[in-house]
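Good morning, and thank you for coming. Please look at the sequence and the structure on the screen, and I shall then guide you through some of the features.

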Amino acid sequence: MRYVDHDLVVKRMGGRKIVNYLFKGLFMLATTIALLALAILLYRIVTQGAGNLSWEFLNNFASRFPEKAGIKAALIGSLWLMAVVAPTSIILGVGSAIYLEEYAKKNRMTAFIRTNISNLAGVPSVVFGLLGLTIFVRALSLGNSVLAAGFTMSLLILPVIIVAAQEAIRAVPNELRDASLGMGATKWQTIVRIILPAAIPGILTGSILALSRAIGETAPLIVIGVPVIIQFLPSGVMDTFTALPMQIYDWSSRPQQEFQAVAAAGIIVLMAVLLTMNSIAALIRNKFQKRY
Amino acid sequence: MRPSVQEMIAQSKGKKSKKIIEKIIPILLFLIASVSVLTTIGIVLTLIVETFTFFSRVSFIDFIAGTTWLPFSNKEAQYGILPLIVGTLKITLIAVIVAVPIGIGAAIYLSEYASETVRRIVKPVLEILAGVPTIVYGFFALTFVTPVLQGLFPEIKIFNAISPGIVVGIMIIPMIASLSEDAMSSVPRQIRDGALAMGSTKFEVATKVILPAALSGIVASVVLAVSRAIGETMIVSLAAGSTPRFDGDFTGSIQTMTSYIVQVSKGDAGYGTTIYYSIYAVGFTLFIFTMLMNILATYVSKRFKEEY
């Protein structure tokens, strides 16, 4: 008895192969379209903005005249913002991760905190802006200062840092923990001297990527009321400031054609900052991450 | 004479400061971990309290069933949120039409067809696409996609729903592609090899074996991407315009929930005005939409997960 009708298989094989190749082409096309979109995006921005990039552009304040407009206040403002966001979010994020991985008991409270973190990651950034506006700007009367914006951004990227730090801590093998505890170290000594040093590359990589998200975020800053035309640099965390994405948003939304080129130049600066941060993250990951 | 190890241990155990540290640290860390919970509570409370004030001035029924959104009218302001929801849905619809076929197509290619080398190059490049700030996408929509579309279809206005919709789609492609690829890659190799050994083509393996097995992960990735599209702010603020409308037109200026919040925040709606409180009511609606999507994604990926 024949289980397989050989003639039928042969007859159909050609068609099935054609369908296979056809769809392979389609799937490849889909991938290419996605990559092409990125290529066009980068190409457009570089060609539009490169002409405006100059030392003056980096060193001038915002201006009504496109040829005089510069990005100094925004660039320095973004650095100020990072000076608040980086310590705040990393301390909160790593602290939470240590608690969840090393101390938390498996109970409903812990499960609740975990679910809460993943839900928080899905809240739109503009809603974080509303939180910042109500709590930091108004209730704590921080105004539209570096501090208010920095706290808002810290909460926004907190879930990302927690998850990254959790993964890094989880990747430290239990043998190291047990050895340290077995030698008589206390739990906290083990965490500070054994686990954190081993997990730091992973934590840093995740944190830098999260910070680069905070640098590019615009919506929360608008809601908080961060101004755009600023002719001075902040001298402390309580000063008002502006940031790169705010400045780019302002230039992009102006009707004059000339300002679009200025906006593109601003985007190049922003993307250069992001690229630098991402390269540092990749470098740390490749260089220091130990595989156990 | 040096103390013996036992003496050292005894000495160290006697230190009070160490004991105190061991007791305080867990409490301190717990407090830090509860910041994320406090954040959620803060968001929900903020939205509820301010929305409550809003509803003391505008009737709830008018808000959720009204088809006119005219907050800046001097005569009689109207707060019917449906036009903003329609605007958001228009953007989401176009984004999904763009992103789902491309994202899942790319995921199938990377997981089933591509060589290891191609995958190792393409995946990080797609992640770059995910890391591009939304303001950059907004600029791209306004200065490139819209003019190109206008060249093809002259009836499209400078502010429209199509261009930002497409660009939001491009923005969420990496999310769908990456999460779906993860889901497909986690289908065990034996199942794939089994199907191939029975004489299936790769396409048949992908559609008849891998897709059904990874469906929960794929659906979850799409739902999460939809949630991102609903909450996307800068692309629509720059390229979609600011005309709340309750119709099916995609070629003209629209307004979404997110871009309304930005429009009010940019202007000087004084603290305490009804317009000021309206951004919380809109923000709350937006929050509920995205929250439902996120819960749905978690549910789908847990409930329908195939275990191997």
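**From a cavity to the aromatic pairs**

I begin with the lining of the largest cavity, whose residues divide into 4 nonpolar, 4 polar and 1 charged. Please keep in mind throughout that this is a predicted model.

How many cavities of 30 Å³ or more does the structure hold? There is 1, and the volume of the largest cavity is about 30 Å³. The residues that line the largest cavity are B:T88, B:I91, B:T92, B:A229, B:I230, B:E232, B:V236, B:T256 and B:T258. Two helices of chain B, α4 and α9 (202–231), each supply at least two residues of this lining. The largest share is that of α4(B), with 3 residues.

This brings me to confidence. In chain B, helix α4 (residues 82–113) has the highest confidence, at a mean of 94. Confidence in chain B is lowest in helix α1 (residues 5–14), where the mean is 72. For chain B as a whole, the mean pLDDT is 89, and 98% of the residues reach 70 or more.

The element that gives the most is α11(B), with 6 residues. By class, the lining of the second largest pocket has 22 nonpolar, 17 polar and 5 charged residues.

Let us now consider the aromatic rings. Over all chains, the count comes to 17 aromatic pairs. One of them joins B:F55 and B:F60: the ring centres are 5.1 Å apart and the planes stand at 75°, which is over 60 degrees, so the pair is edge-to-face. B:F55 is partly exposed, with a relative accessible area of 24%, and B:F60 is also partly exposed, at 45%.

B:W69 and B:Y260 make another edge-to-face pair, with 4.8 Å from centre to centre and 90° between the planes. Why does this pair tie together parts that are 191 residues apart in sequence? The reason is that B:W69 lies in strand β1 (residues 69–70) of chain B, whereas B:Y260 lies in helix α11 of chain B. Both B:W69 and B:Y260 are buried. Ring pairs link B:F54, B:F55, B:F60, B:F63, B:W69, B:F72, B:Y79 and B:Y260 into a cluster.

The charged end of B:K90 sits over the ring of B:F250, 5.9 Å from the ring centre. In chain A, A:K187 lies over the face of A:Y103, at 4.9 Å from the ring centre.

Finally, I point to one residue of chain A. A:A97 lies in helix α3 (residues 72–103) of chain A. Is A:A97 buried or exposed? Its relative accessibility is 0%, so A:A97 counts as buried. A:A97 and A:P159 are 62 residues apart in sequence, and their C-alpha atoms are 9.9 Å apart in space.

Note on methods: Residues are numbered from 1 along each chain as its sequence is written. Chains are lettered from A and ligands numbered from 1 in the order in which they are written. This is a predicted model: local features need pLDDT of at least 70, side-chain atom pairs count only at pLDDT 80 or more; totals for chains, interfaces and linings use all residues. Side-chain values use heavy atoms; hydrogens and water are left out. pLDDT is the predictor's confidence in each residue, from 0 to 100. Helices (H or I, at least four residues) and strands (E, at least two) are DSSP runs, numbered from the N terminus. Ala, Val, Leu, Ile, Met, Phe, Trp, Tyr, Cys and Pro count as nonpolar, Asp, Glu, Lys and Arg as charged, and the others, Gly among them, as polar. Rings of Phe, Tyr and Trp (its six-membered ring) pair if their centres lie within 6.5 Å; planes under 30 degrees apart count as stacked, over 60 as edge-to-face and the rest as tilted. Buried means under 20% relative accessible area, exposed over 50%, partly exposed in between (1.4 Å probe, protein chains only). A charge sits over a ring if NZ of Lys or CZ of Arg is within 6 Å of the ring centre and within 35 degrees of the ring normal. On a 1 Å grid over the protein atoms alone, a cavity is a set of points where a 1.4 Å probe fits but cannot get out, and a pocket is an open set with protein on both sides within 12 Å along at least five of seven lines; lining residues have an atom within 4 Å of a point. Grid points are joined across faces, edges and corners, and a volume is the space filled by probe spheres set on the points.
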